[in-house]
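Me: I would like to go through this structure and ask what stands behind each label. Please set the values against the cut-offs as we go.

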Amino acid sequence: MDIWFIVSNTIVLACIYGTLAIGISITWSSLGLLNLSYGFIFAFAGYGAWLFAQHVSTWGPAVLAAGILSGALGGVIICAVGFIPIHDKPNFTIRGLIATLAINLIGTQFLLWWFGPRSKNLPEIFGNWSVSLSGAVFTADKVGNVATSVLILAVVLRWMQSSRRGLEIRAMMMNPHAASIVGIGVRRTSFYVMGITGGLAGLAAVLLSQTYYISPFGGLMPMIKGVSIALCGGLGSVRGAVIAAIVLGFNEALTGMSIGGRYVLVTQFVVIIVILLVRPRGIAGLLDKAREA
Amino acid sequence: MLRQISRNGAADQGGKPVLFSCSGISLDLGGREILRDINLQVEAGEVLGIIGPNGAGKTSLFEILSGRMPPKSGTVWFKGENVTGLPLYSRSRLGIGRTFQTPVVPDELTVGETFKAARQAHRPFLTKFDAEYGADLVGLKISEDTSATQLETFNRRKLLLACLLMRRPSLLLLDEPAAGLINSEVDEIDKLLRTLAKEMNIAILIVEHRIELLATIADRIVVMDAGEVISEGLMDEVMADPKVHAAYFEDFSEEAEG
Amino acid sequence: MNISVSNHLPGTPARQPQREVLNVKGLSAGYGPVRVIHDLDLVVQCGERIGIVGLNGHGKSTLFYAIAGLTGWQRGSIKLNGGEVGRMRSQGPGRYTHEIVRAGLALIPQGDEIFHGLTVEEHLDSGAYTAAAWRDRAARKLRILEIFPPLRKLMDVPVGRLSGGERRMVSIGRGLMTDASLFLVDEPSLGLAPKIGKSVINALMAVELGNAAMIIAEQNVALLEGRVDRVIGMHVGKLKGEASAALALNVYRKA
Amino acid sequence: AQPIVLGIPYCQTAAAGVADHQDFLNGTTLAMEEINAAGGVLGRPLKLFTTDMNVLSPESSKQALAACVDAKVDAISFAFTLVPLPAMDATVKYKCPYINGNAQRGGTSAVKAQPDKYSHIFQFCPSEVNYGWNYALWLEDEEQRGVWKPKNRKVHIIQEQIGYCQTISRAAQEAIKRRGKFEVARITDIQYPVQDWAPVIREMKEVDAAAIMVDHWVAAEYAAFCKQFMASPVRDSLVYLQYGPSQPEFLELAGSAANGFVWGTTMGIYGDERGLAYRQKYKKRFPGIAGLAYTGIAYDQTYYLKKAWEAVGDPRKFSEVCDWIRANPQRGVCGYVDMGNPYQEALHFPDNGGDELQAQKLEAGVAQLYVQIQGGEHKIVYPGPVSETKLISAPWWS
Amino acid sequence: MSLDSGIKWRNPLFVWGGKRDVEELPTIPFRSHQEVWEKTRQSRTKLNPVGRLRYYYKWPSHGGTMWNRLRYWPTRRRVLRMPGDYNAKTLRAEKTIVDKRPIWWMLGLLALAIAPLFTPGDLQNTLLTAGATFGIYSAISLCWMLIMGTAGVFSLATYAVIGTAAFVTALLAVKFAMPWWLLPPIGALVGLVFGGLIALPATRLDGFYYALLTLGLNELCRVYFVTSKEFGSANGGLYGARTYIPEDWSQLGQLLLAYYACFGLMLLALLLYRFVNGRRLGRILRMAPEKREAFAEATGVNFRQARVWVFLISSAALGFIGGFYTSNFGGVAFSIFNFDTVLLGLAMLVIGGVGRAEGAVVGTLIVVFFDQVLNTWGPARFMIIGLIMLLVVLYLRNGLFGIKAQFRAWRDKKKSERRSTRAEKGGEMLPEEATETQDKSVIYQRRHDKMTRDHLKTLVSPEIIEEHRHSLNGQHSEALERLLIYFRTRPQVEKYAIITVERFEGYRIVALSGHRGVAPRVVEDRIYSTPDEACHGVFMRRVQDLLES
Ligand SMILES: Nc1ncnc2c1ncn2[C@@H]1O[C@H](COP(=O)(O)OP(=O)(O)OP(=O)(O)O)[C@@H](O)[C@H]1O
Ligand SMILES: Nc1ncnc2c1ncn2[C@@H]1O[C@H](COP(=O)(O)OP(=O)(O)OP(=O)(O)O)[C@@H](O)[C@H]1O
Ligand SMILES: [Mg+2]
Ligand SMILES: [Mg+2]
C-alpha cells in the first residue's frame with residue numbers, strides 16, 4: 001500500500017474537514033451554540049457566490065470573496081434570528097439546536113423554491129491544471145483547497161490572536177462570565193463570531209463547490225461531517241477539531257485504499273462511536289476545559 | 001470524651017464505636033492537589049463541624065465521603081465496612097444522607113411527586129406516612145401541588161432533608177445548610193439539627209461558614225485549609241489555634257503580627 | 001470608649017456636597033429562587049473609598065454583581081453617574097453588563113474570573129475596553145506595571161499558569177485599565193498571603209480617584225481600617241452601619 | 001365543459017428527484033397547452049392536478065397518490081418514485097390509468113405477479129435491467145464500428161450500493177459473461193456520497209480496462225468524477241456513465257471536462273427529425289438546457305392518454321381506457337411504446353436477450369439511447385437509426 | 001431634627017441634685033403618631049387585596065361522592081382529582097377539579113375516534129391515509145418522548161430502532177411468509193436487543209455527545225440497510241410483507257381499518273407512556289434529569305439502572321411499532337433512516353412540548369397535517385413547519401402545552417413585580433412571602449409594626465444615645481422612653497441578654513434563641529467591663545437592629 005498516497009489524501013481530506021468543522025467549533029466555544037443551520041449557511045454562501053459569478057464577475061478570488069461575504073451574511077442572519085432572542089433563555093443549548101435546525105429547514109426549502117433543484121457550478125477558482133506527485137494526482141481545486149484553507153485558517157487564527165475583536169472572541173470563548181465583566185457584550189460579539197464562522201462556511205462552500213456542488217441540500221453532508229468532527233474533537237476545542245479532522249481524514253484515506261470506498265461511511269461512524277466511547281467528551285474534552293454541554 | 005477516639009478510626013477503648021470515618025483521603029483534580037491526607041471520624045449522635053476558607057476543599061471532601069467522586073487514595077468506613085467504592089445512591093441506601101451546597105430540587109416534579117419518588121426510590125418502598133413523618137420532622141408545610149422549583153431556598157433544603165429523613169438515616173452530611181438563610185431560619189436549622197443528633201442519635205457532618213451556628217451545635221470542629229486539616233477540637237480550642245487564625249481570620253493574625 | 005464619628009456627622013466639617021457616583025435604592029437581588037440582597041440602599045459620592053465588610057456568603061459579591069447586572073434577577077433602582085442601570089432588568093446574568101461597564105463601571109471580581117488561555121498582556125488589553133483606553137493601552141499597561149512590578153516578567157505567560165496571587169494582580173490590573181468612575185473590588189486580599197494582600201490594598205489605595213469612587217469588599221477589616229472613608233457592614237443581604245453614619249460599624253468592631 | 005383532470009404527483013421538496021420531476025412537469029405542461037389550444041380532449045379542456053411527493057418516502061408517496069384519488073383525477077401520470085409499491089397500492093381500488101416513467105423492474109414484476117390488482121399500472125420505459133444487459137451488446141457494436149479500439153478485453157465496473165445500481169451491475173455482469181466477448185476484470189464498490197474519486201481512479205488505472213462502467217446515480221458526483229478523471233485519465237478507455245448525466249445540470253457542472261464520456265438512458269427523446277422538432281418546441285417554451293429524458297416521456301405520456309380517452313370516449317371508464325392502452329401502442333418522440341405485455345412495461349430495443357420484453361426492430365420498442373458528450377453537448381451516438389452522430393474519440397484517447 | 005428648635009426637657013432628677021447640673025436640656029420635638037400615620041396614608045400607591053387569585057372554577061359541593069367513586073380499573077386511583085374544601089370567606093363547601101386533563105384527553109380521543117365519520121368526501125383518502133400515518137407517528141413520538149422527556153436523554157436513535165425492526169421483520173415476512181400478527185412481537189424482540197445496545201453508552205455519555213453517537217448509529221443503520229444485498233432490493237426498500245388489511249375490502253373499508261388499527265397503536269403507546277411516565281420509573285427518571293441527578297442520587301435512586309430500563313422498554317415498544325409499520329405498509333423504505341425523518345420527528349416533539357404525552361400527540365398531529373394533508377402546498381408547508389418550530393423555541397418555554405403555565409408564570413411575575421414596587425422598606429413582608437401567607441392578618445400586623453418602627457427610627461439621634469449612656473435607668477426623655485418601651489415589648493426571639501464572663505470584670509452580650517433548650521448565641525466578641533456598659537451595648541445593638549430593620 002502506498003503510504004504517500006494515503007498521507008497526501010489525508011492532508012487533502014483533513015483540510016476539507018478542518019474547514020468544515022472549525023467554524024462549528026468556534027461557534028460552540030464562544031457562543032455555546034451548536035449551529036445546525038450550518039448546512040443552510042453553506043448553501044446560502046454557495047448561491048451568493050454563484051449569483052456573483054453569474055452577474056458580476058467570474059474572476060476566482062472575487063467569487064471566493066463573494067462566497068465568504070454571503071456566508072458571513074448568512075451567519076449574521078442566523079445570529080439575529082436564532083441566537084439573539086434565545087441566548088439568555090433557560091435550556092439555551094437545546095433551544096439553539098432546535099432553532100437552528102428549524103432555520104435550516106426553512107432556509108433550504110426557500111433556496112430550493114427560489115433557485116430550483118438544479119445544482120449550480122462555480123467557475124474554476126484555481127484554474128484547470130493538475131500536478132502529479134509520485135502517483136497521486138492533484139487537481140487544481142485540491143491544491144487550491146489545501147493552500148487556501150490552510151491560509152485562511154491561519155489568517156483567522158492569527159486575527160483571533162492579535163486583534164481586539166479576536167481578543168474579545170477568545171475571551172468570550174474562555175470565560176463568558178468574565179468577558180461580560182470586562183465589557184464584552186455577548187450580543188455584539190456573537191455577531192462577529194457568527195459572521196466569521198459564516199464566512200468560514202462560505203469559504204468551505206466555495207472551495208468545495210467542485211465536490212459538493214451548490215444545491216439547496218448540498219450543505220447537509222458537510223454539516224453532518226462538520227458537527228461530527230467538532231463533537232469528536234471535543235466541543236469548543238479548535239485543537240481537538242483539527243486533530244479529529246486529521247484522524248477522520250486519515251481513516252477515510254486508509255479505508256478508501258484498503259477495504260474500499262463503500263466502507264468509508266461505515267468506518268467513519270465506527271471511528272466516531274469508538275472515540276466517543278473511549279473519550280466521552282471528545283478527543284480534547286479533557287485537554288481543554290470543556291463547557292458543559 | 002471526644003478526644004478519646006483514636007485517629008485511625010477504630011473504636012477506642014471505652015468510647016462509643018465510630019460510626020463513620022475516613023482515612024488518608026487525597027484527591028487530585030485538573031492536575032491540582034485538592035485534598036491531602038484527610039482523616040475524620042464521627043460517632044453516632046455526634047455533630048462534627050467543618051470550617052475553612054473558600055476553596056479549602058470542604059465540598060470536595062464531601063463529594064468523596066458521599067461517593068460522588070472517587071478519591072485518589074484513602075478509604076471511607078461506615079459501620080465498620082469499607083464503602084469507598086460505593087456510589088452515592090448505594091451509600092444512601094445504607095443510611096448516609098447528603099445535602100448539597102446549592103439547594104437542588106427536582107425541577108419537573110411537584111412536592112407531592114417528589115415525596116412519592118423518594119418513597120419509591122428503592123426497596124423497601126415507604127408509605128405516605130413515612131413521607132409525612134419526614135416532612136413534619138423538618139417542618140415542611142407546603143401544598144403537595146406546588147412545583148418544587150417554586151420553593152425558596154429554605155424549603156428547598158427542607159425538601160431534600162425530609163426525603164432523606166423519612167428513611168431514618170444514621171449519618172447526615174450537610175453542606176452549608178444555612179447558606180443564604182436569614183437568622184430565624186438558621187435558628188430553625190439549629191433546632192432541627194439538635195433534635196436529629198441528640199434525640200435521634202444521628203451523626204452529623206456539617207460544613208458551614210456560620211461560625212455562630214457551629215459554635216452552638218457542633219461537638220467538635222475540624223478546620224480545613226488548602227486541602228488539609230489544620231486543626232481539630234472544640235470550638236474554643238480551634239479558635240485559639242494560631243494556624244486557624246492565619247488561615248481563616250487573617251485580620252487576627254495581622255493584628256498579632258503588627 | 002468613645003464613638004468614633006465619621007466625617008459625615010453633622011457638626012464635623014462635611015465634605016463638599018458632591019456628585020453621586022452610585023445611588024442604589026431598594027435593591028433586591030438573587031439567583032433564581034434565592035434572594036440574597038434584601039431591599040438595600042447605598043449612596044456613594046465621588047472621590048469616596050468605601051469598605052464593605054461581612055461574613056462569608058452574606059452577599060457582598062452579590063451586591064457587586066447586582067450593580068454589574070450579573071445576578072439572576074434584581075429589582076430596585078441603581079443609578080450610576082445619574083444614569084439608571086438597574087432598570088435594565090437582567091434577564092439572565094450578564095445581559096447588560098457590558099453596557100454598564102461602558103457606562104463607567106470597573107468590577108474586579110472575587111473568584112478566578114480570568115481568561116485562562118490569554119497571556120498577561122492580552123489579559124490587560126482585554127480590560128481596556130473603551131476605544132480611548134485601547135488606543136493608549138501601552139501607557140496604561142506601564143502604569144499597571146508600576147503598581148504591580150512582579151508582573152513585568154510575566155507579560156507573556158498565560159494567566160492560567162500563574163499563582164493565585166499573581167492572578168489577583170492581573171485581575172486587579174485589568175480592572176484598572178479603564179477610566180471607570182466606579183471601581184468595585186471584591187475581596188482583593190482573598191487567597192493571598194497577608195503580605196501580598198497588604199500590597200494589593202496599598203495599590204488600591206494608591207489609585208487616584210479624582211471623580212471616581214471605589215468600593216472594596218473585604219472580610220479582613222484590619223486591612224481597611226483607617227484607610228477608607230467609610231466602612232459598611234453587610235449582614236444577610238443588608239447593609240449595616242449605613243443607616244446612620246453615627247452608628248458606623250467600627251463603633252463595635254474597634255475594641 | 002368540465003375539464004379532464006390529470007393527476008401529477010411531483011417532487012418539489014425532497015433531497016432527490018426534484019430536477020427530473022420538474023422536467024416531467026414541464027413536458028406535461030407543454031402537452032397540455034398544445035392539447036388545450038387544439039380544442040382539448042373530447043371537447044373538454046385538460047387540467048393538471050399537482051401535488052408534492054417525496055420520492056424517497058413511502059408515506060409521502062402514498063399520500064400523494066391518495067390526494068390524486070381524492071381529486072378524482074381521470075388518470076395519473078408522473079415521473080417516478082423510488083418506493084413504487086406503496087404508491088401503487090394507494091390506487092388499486094380507484095384503478096384510474098396510472099402511467100409512470102419509473103425504470104424499475106421491481107414495480108413491473110409486481111404487476112406481472114398480480115395482474116388483476118395492478119391492471120391499471122403502466123410503466124412507460126423499459127426497466128433498468130436493460131442498462132446492464134445492453135451494455136455488453138453496445139460494447140461489441142462500438143468495437144465493430146471501429147472508432148473505439150479496445151486495448152484489452154477487460155471491463156471494470158464501479159458500482160454504487162443502492163438497489164437500482166446493484167441491479168444494473170448484476171445484469172451487466174451476467175450479460176458480459178453470457179456474451180463472452182469481454183470479461184469483468186474488477187468490481188469496485190463505492191458509496192454515495194463520494195468525497196474523493198482519487199482512490200477510485202487510481203484503481204481504474206491499476207486495472208487499466210478497455211471499458212469502464214461507472215454505475216452511479218448522482219449527476220453532481222458524476223461531474224466531480226469527470227473533472228478528476230480528466231486530470232489523470234486512463235488512456236484509451238471507453239468510460240460509460242449511468243443515467244445520471246441526463247440531468248440538465250450535469251453539463252453545467254462538469255463543463256468541458258465532460259467531453260468524451262458516454263452515458264445511457266432506456267428512454268429519451270430520439271435524435272431523429274421528430275425528436276429534434278420536439279426539442280425545438282420545448283426549448284421555445286422552456287428556455288435553457290433541456291433534459292433529454294423526462295421532458296419527452298411526459299409529453300408522450302400525456303398524448304398517449306389523450307388518444308386513449310378519445311378512442312374510448314369517456315375518461316371515467318377506467319378499465320376500458322386501460323384496455324385500450326394495452327391494445328394500442330404509440331410512437332412518440334421517445335419511441336414506440338407497447339405495453340401490452342404481462343409487465344405492462346414498454347418493450348426495449350435493441351434485443352439484448354435479457355428477457356421477453358425485447359423488440360426486434362426499432363419501430364416496435366423504445367430504443368435505449370447512448371449519448372456522448374461532444375463539444376459540450378449531448379449527442380446520441382447509438383443505436384444507429386435514431387442517433388445524431390457517431391462516437392468520436394474521447395480527449396484521453398490516443 | 002435640630003437641637004435649636006428650642007424645645008427643652010426638664011431633668012426630673014435635677015431637684016435631687018443628680019449628676020446633671022442643668023435643669024433643662026434641649027431635646028427633640030415630639031412627633032405625633034398621627035402625623036406619621038397620615039403621611040403614610042398619603043402614599044399614592046394603590047393597595048390591592050393581598051394574595052393570589054385562584055383561577056379554578058369552584059363547583060358547589062353537592063354532598064354526594066358520585067364522581068369520586070369512579071376509579072381507573074384496576075387501580076384505586078380516582079378518575080378526577082376533586083378535593084373539597086370550605087371557602088375561607090363564605091364558609092361554603094366547594095370542590096375543585098384540580099386536574100382537568102383527563103376530561104380533555106377523553107374529548108380529544110373521542111374526537112379522533114369519530115373523526116373518520118366526518119371526513120368530507122373529497123378528502124377522505126387523504127385524511128384517512130394521513131390519519132393512519134398520524135397514528136403510527138404519534139405512537140413513535142410517545143415512545144421517543146419517554147427517552148427525551150421522561151429520561152431527559154437526547155437520543156436520536158429512535159428511527160434507527162424502528163427502521164431496524166421494520167427491516168428485519170420485513171425480511172422475515174418476505175422470506176418465510178410470516179403472518180402479519182407475528183411481526184410486531186418479533187419487532188419488539190429486535191427493538192429490545194437494539195435498546196440494550198444504545199442504553200449502555202447512555203450511562204456514560206451525555207448531552208450532545210450522546211446525540212452525536214445515536215445520530216452516527218442512525219447513519220450506520222442507513223448505510224448498512226441501503227448497501228446490504230438482502231435488504232437493498234430494487235424497490236427502494238423491502239416490500240412484499242403481508243399486511244393485516246384484507247385485499248378484497250373496499251377502499252374505504254381498508255382505509256378505515258388502517259386508521260383504527262393505527263389509532264389503536266397510538267392508544268397502546270399512550271398506555272405505555274402513562275405506565276412508564278406516571279409510575280415509579282417515570283418519577284425516578286424525572287427526578288434525575290441529565291446533569292441534575294444530585295437530588296435523586298442523594299435519596300438513593302439508581303438512575304443509571306432506571307435509564308437502562310426506560311431504554312429497554314421504549315426500544316421494545318419502538319420495535320413493536322416497527323413490526324406494525326411493516327405489516328401496515330407491507331414493507332419499509334430506507335427513508336426511515338433519513339435525516340429529514342429524524343428532523344420532522346424532532347419537530348413533532350418540540351412543537352407540542354417535551355415531556356408530556358399531549359405534546360407528543362398534538363405535535364405529531366400538526367406536523368403530519370402540514371406534511372401529509374397539505375401536500376399540494378409544496379415547499380411552503382415545510383417552511384410553515386419550520387416557522388412553527390422556530391416560534392415555539394424562540395418564544396415558548398415548553399411547546400404549545402407549556403403556554404398555559406408560561407402565561408401563569410408571566411402573570412405571577414408581573415404581579416409580584418408590581419407588588420415589589422410598592423413594598424415599602426422594612427419589616428413589611430416581602431411580596432412573594434405575602435402571597436404565600438395563609439394568615440393574612442399577619443401582613444397587617446407587620447404593616448403596623450413597620451409604621452411604628454418608621455416612626456421610632458426618626459427618634460434615634462446621637463443625643464438619645466448619649467442620654468442613654470449617661471442614665472440607663474430613671475426617667476428619660478419622651479423619645480428615649482418610647483424606644484425603650486418598644487424594645488421591651490419585643491418577643492423573646494430577638495432579645496439580647498448579658499452574661500457574666502467574670503464577675504465584676506467581664507460581661508458579654510448574647511442573643512436568646514427563643515427556643516427552649518437552645519443555648520443563647522454569642523453575638524459579638526467584645527467584653528464589657530461593667531454591667532452598665534454592657535447594658536448600653538445591648539441598647540446600641542437594639543438601636544442598630546431597629547435602624548436596619
Ligand atoms: N473539577 C475541578 N477541577 C479543578 N479544580 C477543582 C475542581 N473542583 C473543585 N476544584 C477546586 O478545588 C478546590 C476546593 O473546592 P471545594 O468546592 O471543595 O471548596 P469548599 O471548601 O467547599 O469551598 P466553599 O466554601 O466555597 O464551598 C477549589 O479551589 C476548586 O477550585
Ligand atoms: N450563582 C449563584 N447561584 C446561587 N446562589 C448563589 C450564587 N452566588 C452566590 N450565591 C449565594 O448567595 C449568597 C451570598 O453570596 P456572596 O458571594 O454574595 O457572599 P459574599 O458576602 O461575597 O461572601 P464571601 O465572603 O464568601 O465572598 C451565598 O449564600 C451564596 O450561596
Ligand atoms: Mg463548598
Ligand atoms: Mg464574595
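Reply: One definition is needed before the helices: axes are lines fitted to C-alpha atoms, for helices over the stretch in contact, and angles run from 0 to 180 degrees between N-to-C directions. Keep in mind that this is a predicted model. In it, the axes of helix α11 (residues 264-278) of chain A and helix α7 (residues 207-227) of chain E come within 9 Å and cross at roughly 155°.

Me: What makes α11(A) roughly antiparallel to α7(E)?

Reply: Angles over 145 degrees count as roughly antiparallel. The crossing angle is roughly 155°, so α11(A) is called roughly antiparallel to α7(E). The crossing of these two helices is left-handed.

Me: Which residues of α11(A) and α7(E) meet?

Reply: From α11(A) come A:L265, A:V266, A:F269, A:V270, A:I272, A:I273, A:L276 and A:L277. From α7(E) come E:Y209, E:L212, E:L213, E:G216, E:L217, E:E219, E:L220, E:R222 and E:V223. By class, the residues of this contact are 14 nonpolar, 1 polar and 2 charged.

Me: How do α9 and α10 of chain A pack?

Reply: Helix α9 (residues 220-233) and helix α10 (residues 238-258) of chain A pack at an angle of about 120°, with their axes 7 Å apart. Their crossing is right-handed. A:I229, A:C232 and A:G233 in α9(A) meet A:G240, A:A241, A:A244, A:A245 and A:L248 in α10(A). This contact has 6 nonpolar, 2 polar and no charged residues.

Me: How many disulfides does the structure hold over all chains?

Reply: The count over all chains is 0. A disulfide requires a pair of cysteine sulfur atoms within 2.5 Å. For D:C68, the closest cysteine sulfur is in D:C96, at 7.8 Å, so the pair is too far apart for a bond. The sulfur of D:C322 also has its closest cysteine sulfur in D:C96, at 7.8 Å, again too far for a bond.

Me: Why are D:C68 and D:C322 called buried?

Reply: Buried means under 20% relative accessible area. D:C68 has 0%, so D:C68 is buried. D:C322 has 2% and is therefore buried too.

Me: Why does C:A180 count as buried?

Reply: The relative accessibility of C:A180 is 10%, and the limit for buried is under 20%, so C:A180 counts as buried. C:A180 lies in the loop between α6 (164-175) and β7 (182-186) of chain C. Leaving out residues up to four places away in sequence, C:A180 touches C:G104, C:L105, C:A106 and C:A212.

Me: What makes helix α1 of chain C mostly covered?

Reply: In helix α1 (residues 60-67) of chain C, 8 of its 8 residues are buried. They are C:K60, C:S61, C:T62, C:L63, C:F64, C:Y65, C:A66 and C:I67. After α1(C) comes C:G69, with a positive phi near 70°.

Me: What covers the buried residues of α6(A)?

Reply: The buried residues of helix α6 (residues 164-174) of chain A are A:G166, A:L167, A:E168, A:I169, A:R170, A:A171 and A:M172. Their cover includes α1 (3-31), α5 (140-162), α7 (176-181) and α8 (186-207) of chain A, together with α3 (120-127) and α4 (131-135) of chain C.

Me: What is phi in E:A177 and in B:D37?

Reply: Most residues other than glycine have a negative phi. E:A177 is not a glycine, yet its phi is positive, about 50°. B:D37, also not a glycine, has a positive phi near 50° and is found in strand β2 (residues 32-43) of chain B.

Me: Which peptide bond is cis at D:P350, and which at D:P383?

Reply: Most peptide bonds are trans. The bond from D:F349 to D:P350 is cis, with omega near -5°. D:P350 is in the loop between β13 (348-349) and β14 (366-367) of chain D. The bond joining D:Y382 and D:P383 is cis as well, with omega about -10°, and D:P383 is in the segment after β16 (377-382) of chain D.

Note on methods
Residues numbered from 1 in each chain as written. Chains lettered and ligands numbered in written order. Predicted model: local features only at pLDDT ≥ 70, side-chain atom pairs only at ≥ 80, totals over all residues. Heavy atoms only, no water. Buried < 20%, exposed > 50% of the residue type's maximum accessible area, 1.4 Å probe, protein only. Helix = DSSP H or I, 4+ residues; strand = E, 2+ residues; numbered from the N terminus. Parallel < 35°, antiparallel > 145°, perpendicular 65-115°, else oblique. Left-handed = near helix turned anticlockwise from the far one by under 90°. Contact = heavy atoms within 4.5 Å. Nonpolar A, V, L, I, M, F, W, Y, C, P; charged D, E, K, R; others polar.
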